[in-house]
Amino acid sequence: MSINSPRSSRRRGRPSGGGNTPEQARRQLVDAAESCFAERGLDITMADVARRAGVTRAVLYRHFDGRDDLVIGVAAQVMDRHVAQVISDITPTDDVADLISGSLVYVATVVRRDPILVLLSSGSEHGVASLLANSPLLSDMVTGLYEQVFALFSDRLRGGLVPGDVGRFILGVALALLLDVIPGADDPDTVRRYVATFVLPAIVASPPAVGPVFGSD
């Protein structure tokens, strides 16, 4: 059959995503949505995203239930990048105390200031913390990361601790930092002191010695 025949040149009915896997197609849609949010803020529609991705709205709705679902998809992709950065920057250490402290400093000083996460959570009462706490997908990403790490360092943890439980505990600490429950939580030294005083003794079998008591002059 000639490549110029109507049947061969017809594009309707081809698989959505141009033959990509569902995961690849979804990522392309999320990339398009992130670009739209970055350029135009929250004032975008599913139709805007579909146009940017070069697909129909029907294709977009096959992957996302609606705009809120798309917001979580974009937030998850941004968190994926932060997780990769944390792994690259912090996990080469074999000191579990440094790993916990460094990762929480990263959450308090980098994640909380991410422009896309700040934008996506701007309608939430508690900002990025609300976005993280109200999405099982995002919460599971954070706890899952810590659970995997603590499984590798289980011999450094206090006896009887389960890596999954420790991961959920660290998620709670991260949320407290994002909520500004801890005064000065945007300062790396303050976060490190707080973690050394209150968090590490609850987790690490042999926590490092703590300097001046947190909050003292």
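Student: What should I know about the model before we start?
Tutor: It is predicted: local features need pLDDT of at least 70, side-chain atom pairs count only at pLDDT 80 or more, and totals for chains, interfaces and linings use all residues. Residues are numbered from 1 along each chain as its sequence is written, and side-chain values use heavy atoms, with hydrogens and water left out.

Student: How many salt bridges does a search of the whole structure find?
Tutor: Eight. A salt bridge here is a side-chain nitrogen of Lys or Arg within 4 Å of a carboxyl oxygen of Asp or Glu.

Student: Where is Asp-48?
Tutor: Asp-48 sits in helix α3, residues 46-53. Helices are DSSP runs of H or I, at least four residues, numbered from the N terminus.

Student: Is Asp-48 buried or exposed?
Tutor: Buried, because its relative accessible area is 11%. The cut-offs: buried is under 20%, exposed is over 50%, partly exposed is in between, with a 1.4 Å probe and protein chains only.

Student: And what does Asp-48 touch?
Tutor: Cys-36, Arg-40 and Asp-43, not counting residues up to four places away in sequence. Contact means heavy atoms within 4.5 Å.

Student: Which side chain meets Asp-48 in a salt bridge at 3.6 Å?
Tutor: That of Arg-40, N to O. Arg-40 counts as partly exposed, at 46% relative accessibility.

Student: Which pair links distant parts of the chain?
Tutor: Arg-81 in helix α5 (residues 67-89) and Glu-34 in helix α2 (residues 22-40), 47 residues apart. Their side chains meet at 2.6 Å, N to O. Glu-34 is buried at 13%. Arg-81 is partly exposed at 41%.

Student: What about Asp-165?
Tutor: Asp-165 forms a salt bridge with Arg-168, with the closest N and O atoms 2.6 Å apart. Both lie in helix α10, three residues apart, about one turn of the helix.

Student: Which residues are joined into one network?
Tutor: Arg-40, Asp-48 and Arg-51, through salt bridges that share partners.

Student: New topic. At what angle do α6 and α10 pack?
Tutor: About 35°, with axes 9 Å apart; α6 is residues 96-109 and α10 is residues 163-178. Axes are lines fitted to C-alpha atoms over the stretch in contact, and angles run from 0 to 180 degrees between N-to-C directions.

Student: Which residues make the contact?
Tutor: From α6, Ile-100, Leu-104, Val-107 and Ala-108. From α10, Ile-170, Val-173, Ala-174, Leu-177 and Leu-178.

Notes. Helices (H or I, at least four residues) and strands (E, at least two) are DSSP runs, numbered from the N terminus.
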